[in-house]
Amino acid sequence: ALSVTVQPRCKIIRFILIQNRAGKTRLAKWYMQFDDDEKQKLIEEVHAVVTVRDAKHTNFVEFRNFKIIYRRYAGLYFCICVDVTDNNLAYLEAIHNFVEVLNEYFHNVCELDLVFNFYKVYTVVDEMFLAGEIRETSQTKVLKQLLMLQSLE
Amino acid sequence: RPEGLLGMRLQEMIRVIRSARTQGEERGIIQKECADIRAQFRQGDNGERSHSLAKLLYVHMLGYPAHFGQMECVRLIASPRYSEKRIGYLGAMMLLDEKQDASLLITNSIKNDLSHSSQYVQSLALCTLACMGSAEMCRDLAPEIERLLRASNCYIKKKATLCAVHIIRKVPELAELFTPSARSLLSEKNHGVLHGAVVLITELCEHNPDTLDQFRKAVPELVQIMKGLVTSSYSPEHNVAGISDPFLQVRILRLLRILGHNNDTASDAMNDLLAQVATNTDSSKTAGSAVLYETVLTIMDINSESGLRVLAVNILGRFLLNNDRNIRYISMTSLQKIVQTDHNAVQRHRGTIVDCLKDQDTSVKRRALELSLALVSAVNIRSMMKELLIFLSTCPPELRSQTTSGIFNVAERYQQSFVLHIYLIRILLAGGDVRDETVPNLIQLITTASELHCYTVHKLYRALVKEISQQPLVQVACWCIGEYGDLLLKGECEEIEPVQVTEDDVLDALETVLQSHMSSPATRGFALTATMKLSTRITDNVDRIRSIVSIYGSCIDLELQQRAVEYNALFKKYDHMRAAVLERMPVMGKNSPGHTNGDTSGENKEPDPSKPKPVEAGLLSEPASQVIIIGYFLTETVYEKNGLRLKIQCDKQTETEVMVTLIGSNSAQNDITNFSLQAAVPKVCTCSTFKLSRFSTHKQQIISAAILTGHSIHTVHEY
């Protein structure tokens, strides 16, 4: 069985995924060491687990020995995999924070924006999350930085 | 839309790939693109490299192999141009991990970039190190990171703190290096830096108890910071739904939890603050609830005053009433953890918890079920049982088994209450998904409540008459009818309206089970035995029983046939013993393991409830022991394996004496050693005079025992 184990008491984000309903990955950010086939398996499993859920379910799925906090925006599922003892609500807010930044940055973001500008999406993720932790939560600050970075190219 | 030169070429390729109509077509396009990319890489620096790598990264995201780009990442990282570095680092994070050799090659570039004049380049390096830095790289670069923690701008400090966290996770011995700077970072005003500092300190404390001790001194400072956040006026940058930087609040609360755990001084210092946060935080939105939730977790894990604990449980109770299902769910998760330690406080919310059994999300239902079961007490057992039974009749299939066993465990705990017993039967009638082991357990439970036998057999008989598809229900019903059939026929029962049941009715019901294709072989065994038992409990229809039993003497099912033959013999040759053999079973001990028909092993067997009391012979061969349950009155070969053959012969000696002879023969090459024989007999019979001889090659040896009524077991010879 696939398990996502870390040292005890290591509350770290294991990975962040953005997937669409069909299972295509729009972003995969890994904060732990996984083999390529492990990554593939996890992606498939997460997709299978979240797509069967609807509005009458919670936004949390306890799965094997970890937990997925997810939220659906239109056709995209934003999933964060955390430790079972972590604070679900805080990560739910973190997802929403992240999505609002994307929305602002891409001016009413849609899935195609994430496809054609995938490397920029990674930049956004790296501004807001680092080393498996939430890094910057102020949307204003993040957007300011993103615009600065853009001007450098 | 944000674009650039890089963007356009990349987008072109992406469009082409997306236009593919089949998987095969896509693969073809990708192959061509990769060939182009490879060619580009070989050409060296031509201003196109970052485009090519970006394309490769997209291809990688679609799931295609991209290893050949690894060295290109290394090269691009070393480039002086920002746009190339940026893609190079992204590529490193996506394509390289600690296992690749190439990752070591970028260590030097990272080192240089950490001291770059542009903070954005520094940031790239920090980010990459924090993402995929191996232990070796971390050791190399730790001093650089430590320097950045102390002397750089906020933007860099933010990243450096989390990079330090990563380093400590990879190389725990380096924790000491970061401890001094971590402490001083607490006086930063910048939220991002503060957040990183708190995370770093948390990591340091979790790694080292001595460091934890040190940081306890920082509790007052942390309390101050929290107070500032809770009471501060509207701060737009970090505000989420009216809460000032809930993420930072959550992290500070978590750190306080670690520092206050098992330490009175620290716990005292944060007591007021926790009360303040608990009462002042607005929980109408998720952000506030997240903070409140973390507060509750902290209160529960430190040495808080009892008043504070009650406050925390009440918050959880309020969460239970929240419209948001998420919040109800996490509330129950926490309540489950404290239901033992703060039982009374949680009991106050029992009503709401029970209501959550009706939620539409199965995971919420599951939590509510676990909590409900934990909250059952002698005082509320009746109403809780009612709720749980209602739940059982409508719960989703994946929860049935858990519910039924939960109810059984609760019932066992309170088995003194006869009301419970009634509900127990109703469980079966509700069609609960009962596991096989539960049947003997339930039977055992039924035997212990003698005042309920009448009620039980009536209820089960009526259920049996209605439908016979649920095997556990049918088995228990048959057993009860066999045992308590006399009570059933008498017709009177306190708790049920009396209905006249005739002997024919009862035998009809049992025969229906015997003949039904829905009945499993085990179930039919129950039914046949029950029929037989009734022969001593009814008066008029014994002949009918005789004929049923004799019909099954030629049944194809071996098990059934064997029983029928035995019962036949019980009618014929051993009629005088019939009453004694079929009498009421004694109350069974609690420690008997669950039995399944015929294939358990071991010495201390309790009477198998599905059969009349048989003589057993335990035979040991090789490492495994086998128990073969034989009938009373047969002569047959009961065991034949590896040259050892055993026959049992029963002969009536006198009116009260039966000789059971075990005839063994050994046709193997070697002697059989470690052969032991044990006989168990029902209390009406006793055993004496065992005579054993040695088994040796090619010889027939006879072991005989005389079974007499009325004497105690003399000796059991073990050989």
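Buried means under 20% relative accessible area, exposed over 50%, and partly exposed in between, with a 1.4 Å probe and protein chains only. This is a predicted model, in which local features need pLDDT of at least 70 and side-chain atom pairs count only at pLDDT 80 or more, while totals for chains, interfaces and linings use all residues. Residues are numbered from 1 along each chain as its sequence is written, and chains are lettered from A in the order in which they are written.

**Helix H4 of chain A**
- Helices (H or I, at least four residues) and strands (E, at least two) are DSSP runs, numbered from the N terminus.
- Because 11 of the 11 residues of H4(A) (residues 118–128) are buried, this helix is largely enclosed by the rest of the structure.
- Among the buried residues are the charged side chains Lys120(A), Asp126(A) and Glu127(A).

**Largest pocket**
- A pocket is an open set of points on a 1 Å grid over the protein atoms alone, where a 1.4 Å probe fits, with protein on both sides within 12 Å along at least five of seven lines; lining residues have an atom within 4 Å of a point.
- The largest pocket holds about 1200 Å³ of space.
- Its lining numbers 49 residues, with Trp30(A), Phe34(A), Asp36(A), Lys39(A) and Met94(B) nearest the centre.
- H1(A) gives the largest share of this lining, six residues.

**Second largest pocket**
- The second largest pocket holds about 810 Å³.
- Its 33 lining residues include Lys11(A), Thr85(A), Arg257(B), Leu297(B) and Asp301(B), which lie nearest the centre.
- H19(B) supplies the largest share of this lining, six residues.

Key: Heavy atoms only, no water. Points joined across faces, edges and corners; volume = space filled by probe spheres on them.
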